[in-house]
Amino acid sequence: MQGFINAKVYVYGKGIITASIGIENGKIAYIGNDQSLITDPLPYKEGQVIVPGFIDQHVHGAGGCDAMDGTETALSTIANALASEGTTSFLATTMTQSPQNILRALTAVKDYKSQNKVDGAEIIGVHLEGPFISVKHVGAQPLEYVDSPNVKVFDQYNLASGNSIKIVSLAPEVDGAKELINHLKSNGVIASAGHTDAGFNDVEKAYAWGLSNITHTYNAQKPLHHREIGTVGSAMLIDGLNCEAICDLIHLSVPAIKLLIKNKPHDKFTLITDSMRAKHLADGISELGGQEVIVKNGEARLKNGALAGSILKMNDAVKNLVLRCDVPFTDAVDFATANPAKNLNVFDSVGSIEVGKRANLTILDGEFNVHLTVRDGNVIYKR
């Protein structure tokens, strides 16, 4: 049996234990102390820890490519780049653009998924970020392509994706949002408040309609004020809302991260990278949605200074929580594994190391470097 012998393993609900892990037919077949079962050992060194493969539910690009490039080559490049940071599953994330460009990107995802590639991280769906957003909080999204929430347009996009859309970021206060949120909920798609000027009453009503996620909490949304708690305060107050967070220490300060974690149930805080094409590349000039982006000192900004996504790696997000935000290691791992899996309703098969689940695993050393990434029992990255 393929697997790991006498390794430190983070088992959900139990903590870090010493055990051997057996893998058969792409799934975890054994967790225990019988080393003799592992006849085909995978590389593991003392001082390392095996955790579930990371899940990134909001990522635009990496390695010089973006999901909006609309090609299978671009998606493959992104998938393999993400594997190097321990990510085994992700949502290819679009942005506010022309319908033609969005449709091209979604069709590419459908075609890519149909090939069932075994290399790189797996695209488990699409995060449609826009175009149904507020003109008051476009961030790095092109203003000219902002559109009102529209059920027919969403259905057209979802069909093009092969019914792969898992999350839609939208502004719940905009006309048409109620109808779309109801439609998304009835179709098992997550409605997420993002790029929005929603106040508490707006978010509370949308939550009743079916809104369940907050897109990159704090960023591009109505801030907290003592007379109107805005989108940010609503995200903290309503326990049922899952909150995404870009923990690169640029989009969010350490106290902001601590405040959000303190105010959310354990399973309602989810790490994302929201990374763009410049991730894994050297500093310089890059691009996002046809806009020039300047990447310098770990920051990606438009010429006007607006943040244009991140170049954050998921293993570094986990590292930042542990070393800078005083978050316990296993909690930080949950925020990148179990929590997004639960949010996306795939926790029955991924997001934790349990017998019967898919063998999606990542090996980290004491400095949070990724040494091995395994998906369905296949090594997709080796340092």
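A polar contact of 3.3 Å joins the side chains of histidine 195 and histidine 216. A polar contact here is a pair of N or O atoms within 3.5 Å; within protein, one must be able to donate a hydrogen and the other to accept it, and residues adjacent in sequence count only if both atoms are side-chain atoms. The model is predicted: local features need pLDDT of at least 70, side-chain atom pairs count only at pLDDT 80 or more, and totals for chains, interfaces and linings use all residues. Residues are numbered from 1 along each chain as its sequence is written, and side-chain values use heavy atoms, with hydrogens and water left out.

Stay with histidine 195. The loop that holds histidine 195 runs between strand S12 (190–193) and helix H5 (200–209). Helices (H or I, at least four residues) and strands (E, at least two) are DSSP runs, numbered from the N terminus. Is histidine 195 buried or exposed? Histidine 195 counts as buried, at 5% relative accessibility. Buried means under 20% relative accessible area, exposed over 50%, and partly exposed in between (1.4 Å probe, protein chains only). A polar atom of the histidine 195 side chain also lies 2.9 Å from the backbone oxygen of histidine 137. Leaving aside residues up to four places away in sequence, histidine 195 touches Glu129, Ile133, Ser134, His137, Val138, Gly139, Gln141, Ala171, His216 and Ala220. Contact means heavy atoms within 4.5 Å.

Now the sheet that includes S12. In this open sheet, 8 strands follow the order S6-S9-S10-S11-S12-S13-S14-S15, with parallel pairing. Two strands pair if DSSP finds at least two bridges between them. Which strands stand at the edges? They are S6 (54–59) and S15 (269–272); each has a single partner strand, so one side of each is left without a neighbour in the sheet. On average, neighbouring strands are turned by 30° against each other, direction ignored. Axes are lines fitted to C-alpha atoms, for helices over the stretch in contact, and angles run from 0 to 180 degrees between N-to-C directions.

Begin at S6. S6 and S9 run parallel and are joined by 4 bridges. Across this pair, aspartate 56 stands opposite phenylalanine 90 in S9. S9 also runs parallel to S10, with 5 bridges between them. There, leucine 91 stands opposite glycine 125 in S10. S9 is mostly covered, with 7 of its 7 residues buried. Helix H1 (residues 72–83) lies across S6, S9 (87–93) and S10, and runs at about 140° to S9. Further along the sheet, S13 (residues 211–214) and S14 (residues 242–246) pair in the parallel sense over 2 bridges. Isoleucine 214 stands opposite cysteine 243 in S14.

Helix H3 (residues 151–160) comes next. Its buried residues are Val153, Phe154, Tyr157, Asn158 and Ala160. Seen down the axis of H3, these buried residues fall within an arc of 160°, so they line one face of the helix. The arc is that of the directions from the helix axis to the C-beta atoms. Lys152 and Leu159 are exposed on the other side of H3. What do the buried residues of H3 pack against? Their partners are helix H2 (99–114), strand S10 (122–129), strand S11 (165–170) and helix H4 (177–186). Asparagine 150 caps the N-terminal end of H3, with a side-chain oxygen 2.9 Å from the backbone nitrogen of lysine 152. Just after H3, glycine 162 takes a positive phi of about 75°.

Another open sheet has 3 strands in the order S16-S17-S18, and its pairing is antiparallel. S16 (284–288) and S18 (299–302) are the edges; each has a single partner strand, so one side of each is left without a neighbour in the sheet. Neighbouring strands here are turned by 35° against each other on average, direction ignored. S17 (residues 291–296) and S18 run antiparallel, joined by 4 bridges. Valine 293 has leucine 302 as its bridge partner in S18.

Last, the cysteines. How many disulfides does a search of the whole structure find? It finds 0. A disulfide is a pair of cysteine sulfur atoms within 2.5 Å. Cysteine 247 is in no disulfide, and the nearest cysteine sulfur, that of cysteine 325, is 6.2 Å away. Cysteine 247 is buried, with a relative accessible area of 0%. Cysteine 325 also counts as buried, at 4% relative accessibility.
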